[in-house]
Amino acid sequence: MPSETSDGSMIRFEHVHKAYDGAPRGAGAGAGAPRAAVEDISFSVRPGELLVVVGPSGCGKSTMLRMANRLVEPTSGRILVDGVDVLAADPVRLRRSIGYVIQEVGLFPHLTVGQNVGTVPRLLRWDRARTAERVDELLGLVGLDPGRYARRYPHQLSGGERQRVGVARALAVRPPVLLMDEPFGAVDPVGRRRLQDEFLKLHRELGTTVMLVTHDVDEAIRMADRVLVLSRGAKVEQLAPPLEVVARPATPAVADLVGTGRAARLLGVGHLGRRDLVAVGPEDRDAPRVDLAADLGSVLAALVPAARGRVVLTEGGTEVGAADAAALVRALRRLTDGGVDHVAAGGRVGTLPA
Ligand SMILES: Nc1ncnc2c1ncn2[C@@H]1O[C@H](COP(=O)(O)OP(=O)(O)O)[C@@H](O)[C@H]1O
Ligand SMILES: [Mg+2]
């Protein structure tokens, strides 16, 4: 039942409100009236987009995902997934179109890895051969050798391996939409970074629309095409590409969230612009080469050991200018200060227009 209000978005929340029955837990301590978990939220996720929802614990993130997945029903408002109202959707169709990954992974302990990954295909009555083939393919996709892992049980895996199995299971029937609730939360920082990188690669390959929830602002900045910053009651503080969120926090709540270590965070998402560069001179002959598209952190990493304190920036192999520490500072200033009041919406934004 495609909706006539569909705007080409893959996930769409329209004035969604959720008050749990009874006295809401965690309702504003001493703030008077009990508050809804989600007060009134509207936003869209574009096809293929990786939207990261970030906000403090208890602000309603999990409730939003559960409503999109129909584990919880909104009190009012509407959620469309691929143009279909989830409350009106056929449950089998919904299960096909949405993959769901949660922090605790939720693997069935008494089933093998292969059986866990094959859960939804089995529910959908795929035949054995097709399911087995798909399970092997998926385990390969998430970096687990099927020969080694398919017959193991969840307790025989590390946290990171269990997480990979959770992702493989969610992707089993190629859902166009993937919902991820703090998916890497239970993994140590090093493993977590690796899982983030692997997942980004997987996302680029599959083109699945992803809504990922986290309370970790660095994870949000690192992974998102756009970041949706929420405060209590799932109030939208900002919806923008990571660079814009870091460089131009829209509200005091966003500023608080990204404030600590903002300059360092900008290194990860900002880029040099041509206007930050100086002319390449004869002294730059042996300077390190860095792609203009590299983030500022990579430029800094190349600058530190550079004998003359300069690097040469290239674009498609052609030298476009040189940069020193002052150029890096110019870029950081440009990103945070002067005259930047508009950023093109959508996609990863590298260099803010002046
Ligand atoms: N099943 C429930 N019954 C009652 N209140 C709930 C339930 N689940 C969550 N809440 C409350 O709703 C609010 C939002 O919770 P949640 O969506 O889990 O937040 P987050 O995932 O951002 O930490 C919190 O105040 C929480 O205590
Ligand atoms: Mg949660």
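Student: Which order do the strands of the 6-strand open sheet take, and what is the pairing?

Tutor: The 6 strands of this open sheet come in the order β6-β7-β8-β3-β9-β10, and their pairing is mixed. Bear in mind, for this and for what follows, that we are looking at a predicted model.

Student: And which strands stand at its edges?

Tutor: Those are β6, residues 98–102, and β10, residues 235–240; each has a single partner strand, so on one side each is left without a neighbour in the sheet.

Student: How much are neighbouring strands turned against each other there?

Tutor: On average by 15°, with direction ignored, for neighbouring strands of this sheet.

Student: What joins β6 to β7?

Tutor: Strand β7, which covers residues 177–181, runs parallel to β6, and the two are joined by 5 bridges. If you want a specific pair to look at in the structure, G99 has L178 of β7 as its bridge partner.

Student: Which strands does helix α1 lie across?

Tutor: Helix α1, residues 61–68, lies across β3 (50–54), β7, β8 (209–214) and β9 (226–231), and the helix runs at about 150° to β8.

Student: OK, switching to the 4-strand sheet, what's the order there?

Tutor: That open sheet has the order β2-β1-β4-β5, with antiparallel pairing. Its edge strands are β2 and β5, the latter being residues 84–85, and each of these pairs on one side only. Helix α1 packs on this sheet as well, where the helix touches β1, β2 and β4 and its direction makes about 120° with that of β1.

Student: How many bridges join β1 to β4, and how many join β1 to β2?

Tutor: Strand β1, residues 11–18, is joined to β4, residues 76–81, by 5 bridges, with the two strands running antiparallel. Between β1 and β2, residues 38–45, there are 5 bridges, again in an antiparallel arrangement. For residue pairs, H17 has S76 of β4 as its bridge partner, while K18 stands opposite V38 in β2.

Student: And how do β4 and β5 pair?

Tutor: They pair in the antiparallel sense over 2 bridges, and V81 stands opposite V84 of β5.

Student: What is the phi of D82, and where is that residue found?

Tutor: Phi of D82 is near 55°, which is a positive value in a residue other than glycine, and D82 is found in the loop between β4 and β5. As background, most residues other than glycine have a negative phi.

Student: Is D82 buried or exposed?

Tutor: D82 counts as buried, because there are 22 C-beta neighbours inside 10 Å.

Student: Now the helices. At what angle do α13 and α14 pack?

Tutor: Helix α13, residues 296–303, and helix α14, residues 325–336, pack at an angle of about 165°, and their axes are 10 Å apart. The two helices are therefore roughly antiparallel to each other, since that description applies to angles over 145 degrees. Their crossing is left-handed.

Student: Which residues make the contact?

Tutor: On α13 they are L296, V299, L300 and L303, and on α14 they are A325, L328 and A331. By class, the residues of this contact divide into 7 nonpolar, no polar and no charged.

Student: Last one: how do β12 and β13 pair?

Tutor: Strand β12, residues 310–315, and strand β13, residues 318–324, pair in the antiparallel sense over 6 bridges. Within that pairing, V311 has A323 of β13 as its bridge partner. The hairpin of β12 and β13 has 2 residues between the strands, and G316 takes a positive phi near 55° there.

Methods: Residues are numbered from 1 along each chain as its sequence is written. Chains are lettered from A and ligands numbered from 1 in the order in which they are written. This is a predicted model: local features need pLDDT of at least 70, side-chain atom pairs count only at pLDDT 80 or more; totals for chains, interfaces and linings use all residues. Axes are lines fitted to C-alpha atoms, for helices over the stretch in contact, and angles run from 0 to 180 degrees between N-to-C directions. Angles under 35 degrees count as roughly parallel, over 145 as roughly antiparallel, 65 to 115 as roughly perpendicular and the rest as oblique. A crossing is left-handed if the near helix is turned anticlockwise from the far one by less than a right angle, and right-handed if clockwise. Two residues are in contact if their C-beta atoms, placed from the backbone, lie within 7 Å. Ala, Val, Leu, Ile, Met, Phe, Trp, Tyr, Cys and Pro count as nonpolar, Asp, Glu, Lys and Arg as charged, and the others, Gly among them, as polar. Two strands pair if DSSP finds at least two bridges between them. A residue is buried if 20 or more other C-beta atoms lie within 10 Å of its own, exposed if 12 or fewer, and partly exposed in between; C-beta atoms are placed from the backbone.
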